[in-house]
Amino acid sequence: MILIVVEHANGKVGKSTWEMVTAARELAQGTGRETPITALVLGSNVAPIAAEIARGVDQVLVADLPALAQYDPELWSAAVAQIATEGEASVVLIGGSRSGREYSPRVAIKLDAPLLEDVISLKANSDTLSAGSQIIEAQHYTYLARVTETIETIGGATGPIAVVTIKPGVFNPATPRAEVAEQFDVDLNLPTPRLHVTGKTVERSSRVGLVEAEIVVSGGRGVGSAEGFTQYVEALADQLGAAVGATRAIVDAGWRPYSEQVGQTGKTVQPKLYIAIGISGAVQHLSGMNKSKTIVAINRDAEAPIFKIADYGIVGDVPQLIPAILAELKK
Amino acid sequence: MRILTFIRQVLDAEESVHVANNAVALENSKLVMDTMDEYGVEEALRLRESGIEAEIIAVGVGPARVQDALRTALAMGVDRAIHVETDIRLDAISLSMVLAQIARQEDATLILSGGQQADWDSHALGAATAERLYWPQVTWTSALELKGTTLTGKHDVDEGSETFTLELPAVITTQQGLNEPRYPTLPNIMKSKKKELRRESLDQFNVTPILKFTSAEIQVKNRLNKILDGKDVPAAASQLVDLLRNEARVIA
């Protein structure tokens with residue numbers, strides 16, 4: 001079987017999970033035989049999650065436990081490794097979220113399997129997934145998303161062929177089917193978490209989600225101030241129904257929350273349209289947005305690196321240009 | 001106590017990437033200590049300066065040139081360095097085997113490592129090393145304090161951040177914002193030349209790669225590069241909106 005670890009938040013299955021379902025189906029088809037897809041739901045009060053994902057996979061395993069109310073890397077890795085072992089999973093798919101990329105290495109080591117990180121494509125290289133000599137080929141980005149690399153498992157694994165994290169926003173999300181898969185409760189042997197969380201700051205924007213948004217409007221130092229960000233970036237985002245993003249520099253300066261940061265240490269986005277306002281284009285920022293379909297840059301400095309990867313741009317003054325663009329959009 | 005800081009040598013972020021023979025070619029490019037690892041070195045030095053008695057050891061795995069990055073760590077103030085020399089590219093899961101063995105040999109209780117590698121874009125090394133040692137880990141740490149054997153701090157999670165406490169031993173992955181790494185001063189560079197840099201061979205660690213790296217391609221998405229002059233503000237604004245509406249068709 002192919003095991004998918006369901007990502008969910010606020011009582012709903014995450015889009016990243018439906019993307020993993022697509023990745024799993026493509027992988028299963030590539031094997032030329034029936035490979036069941038199993039979803040594992042971890043959490044507390046997750047019955048609605050299990051019911052929702054049952055419309056996307058062949059079997060749902062549910063661990064609905066108070067101990068799983070909060071994510072912890074040791075709990076999650078222990079649970080996933082146990083289920084993968086008991087179910088003789090051939091491949092384990094985990095979301096490429098911050099948490100997924102944190103606990104997946106532990107799963108790989110527990111299962112003595114290779115780890116393929118943040119993949120953008122995935123295929124099995126022979127006609128059956130269950131044979132020990134099966135090889136999986138994948139692609140992922142390297143060098144701060146400037147290079148696409150192809151990687152392969154070496155084969156001969158006795159356990160799963162690979163543990164894989166799937167980059168969010170790359171695979172098309174699968175649509176739910178009419179058939180409903182059977183659900184089974186599972187028993188888990190869980191360790192005691194050693195990391196004690198003493199406080200949590202949730203940063204959530206009232207706007208559309210940054211990673212899912214079709215249009216992202218982002219601002220950097222060139223917007224001048226926190227007020228400038230509201231006046232130019234948020235105003236344009238609201239006009240376009242877009243999400244807002246920010247550079248590390250202005251998050252560090254306290255102008256914007258970390259949840260809006262785009263780049264190496266923030267979020268990776270690939271919207272249909274990315275508008276960069278007052279952003280010079282440090283390589284760390286570019287790595288988080290350079291896969292966007294159309295990139296627009298507005299910056300005073302004609303030499304700014306952002307213009308090299310822009311489809312459209314204006315070299316000029318942000319405080320003058322943005323109101324003019326807003327006026328034009330409202331025409 | 002003993003602190004290990006894991007050091008990787010990578011392409012300077014400002015340098016262009018070149019590909020030859022299906023792999024990234026680093027010859028003739030400027031290589032530096034991974035900035036994510038610099039935060040780990042700096043944090044180890046700060047923990048010691050806060051009054052904790054600690055020996056700090058920098059560890060690097062890779063070709064002979066990795067010694068340059070280890071020398072930088074020595075010049076920043078770490079006490080000694082271990083270089084496991086190999087030309088084989090190890091994925092994070094394999095590499096964690098080397099790091100875990102060195103941690104055991106050196107009887108370390110704290111390991112610091114960068115949150116993301118600037119070359120392989122991997123997040124896995126810290127957590128993988130923690131798993132091999134049966135230690136807990138904290139990733140993407142942005143604040144850290146050590147009192148006795150208790151770590152407290154703050155780190156980034158899926159939606160926002162968390163504060164935490166944790167008992168040693170532990171693995172901490174570091175990132176921008178944790179601190180401002182110091183520059184090595186000239187006297188410290190001179191002093192560092194006398195510090196121990198031990199060379200070891202990879203053979204004794206019994207590690208083989210479990211992934212094959214078959215090809216690398218530079219991402220070139222051809223961009224239109226239609227850049228307008230914004231001196232005439234209304235004209236530039238109107239032209240841009242027209243292009244987005246009628247040429248790119250990305251807005252209504």
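Two strands count as paired here if DSSP finds at least two bridges between them, and strands (E, at least two residues) and helices (H or I, at least four) are DSSP runs numbered from the N terminus. Everything below comes from a predicted model, where local features need pLDDT of at least 70, side-chain atom pairs count only at pLDDT 80 or more, and totals for chains, interfaces and linings use all residues. Residues are numbered from 1 along each chain as its sequence is written, while chains are lettered from A and ligands numbered from 1 in the order in which they are written.

**View 1. β15(A) sits beside β16(A) in an open sheet of six strands.** Strand β15 (residues 273-277) and strand β16 (residues 294-299) of chain A run parallel and are joined by five bridges. Look for A:Ala276, which stands opposite A:Ala297 in β16(A). Zooming out, the strand order is β14(A)-β13(A)-β15(A)-β16(A)-β17(A)-β15(B), with parallel pairing. At the edges are β14 (243-246) of chain A and β15 (226-229) of chain B, each pairing on one side only. From one strand to the next, the twist averages 15°; angles run from 0 to 180 degrees between N-to-C directions, with axes fitted to C-alpha atoms (for helices, over the stretch in contact).

**View 2. Helix α5 of chain A packs on that sheet.** This helix (residues 226-240) touches β13 (215-219), β14 and β15 of chain A. Its direction makes about 175° with that of β13(A). Contact here means C-beta atoms, placed from the backbone, within 7 Å.

View 3. Strand β1 of chain A is covered on both faces. In this strand (residues 2-5), A:Ile2 and A:Ile4 lie on one side, A:Leu3 and A:Val5 on the other, and all are buried (20 or more other C-beta atoms within 10 Å of the residue's own, again placed from the backbone). In a regular strand, side chains alternate between the two faces of the sheet. Four bridges join β1(A) to the parallel strand β4 (residues 37-43) of chain A, with A:Ile2 partnered by A:Ile37. Chain A meets chain B. Here 70 residues of chain A are in contact with 71 residues of chain B. Helix α4 (residues 98-111) of chain A gives the largest share of chain A's side, nine residues. Strand β9 (residues 147-153) of chain A pairs antiparallel with β14 (residues 211-218) of chain B over seven bridges, and A:Thr150 has B:Ser215 as its bridge partner.

How values were computed: Two residues are in contact if their C-beta atoms, placed from the backbone, lie within 7 Å. A residue is buried if 20 or more other C-beta atoms lie within 10 Å of its own, exposed if 12 or fewer, and partly exposed in between; C-beta atoms are placed from the backbone.
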